[in-house]
Amino acid sequence: MTAHIYDSTLDLVKERLKQIDKIKEKFSGFPEVQKKLQSARDALIESEEEIMTYYDLTSIEKYNKS
């Protein structure tokens, strides 16, 4: 099974995605486990996107105040 590629901005997220991909490979024969791990992976990516959007918005707000 090929690992999913996601160009993460945050190193912590990159590391967690790699860990999830390794676990997915180990449990490749278990569809229920795969489904749960994919959900965790998707949630992690979504959380990072929300964090980065918030960060971008606060950066713009700080810039506009100066």
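1. Accessible areas come from the Shrake-Rupley method with a 1.4 Å probe, and for residues only the protein chains shown count as cover. This is a predicted model, in which local features need pLDDT of at least 70 and side-chain atom pairs count only at pLDDT 80 or more, while totals for chains, interfaces and linings use all residues. Residues are numbered from 1 along each chain as its sequence is written, and side-chain values use heavy atoms, with hydrogens and water left out.

2. Helices (H or I, at least four residues) and strands (E, at least two) are DSSP runs, numbered from the N terminus. Of the 66 residues, 18% are buried; buried means under 20% relative accessible area, exposed means over 50%, and partly exposed lies in between (1.4 Å probe, protein chains only). Among contacts (heavy atoms within 4.5 Å) with a separation of 6 or more, 55% involve residues 24 or more positions apart.

3. The count of salt bridges is 2, a salt bridge being a side-chain nitrogen of Lys or Arg within 4 Å of a carboxyl oxygen of Asp or Glu. One of them joins Asp 21 and Arg 41, with the closest N and O atoms 2.8 Å apart. Asp 21 lies in helix 1 and Arg 41 in helix 2, so this pair ties together parts 20 residues apart in sequence. Asp 21 is buried at 9% relative accessible area, and Arg 41 is buried at 3%.

4. Asp 11 and Lys 14 also meet in a salt bridge, at 3.9 Å from N to O. Both residues lie in helix 1, 3 residues apart, about one turn of the helix. Asp 11 is exposed, at 59% relative accessibility, whereas Lys 14 is partly exposed, at 32%.

5. Gln 34 is in helix 2 and counts as buried because its relative accessibility is 11%. Its side chain reaches the backbone oxygen of Lys 24 at 2.6 Å.

6. Ile 23, Phe 27 and Phe 30 form a nonpolar surface patch with about 270 Å² of accessible area together. Patches are made of residues with over 30% relative accessible area and no salt bridge; like charges are joined within 9 Å, and nonpolar side chains (Val, Leu, Ile, Met, Phe, Trp, Tyr) within 5 Å. Phe 30 lies in the loop between helix 1 (11-26) and helix 2 (31-65), and is partly exposed at 47% relative accessibility.

Methods: Polar contact = N/O pair within 3.5 Å; in protein donor to acceptor, adjacent residues only side chain to side chain.
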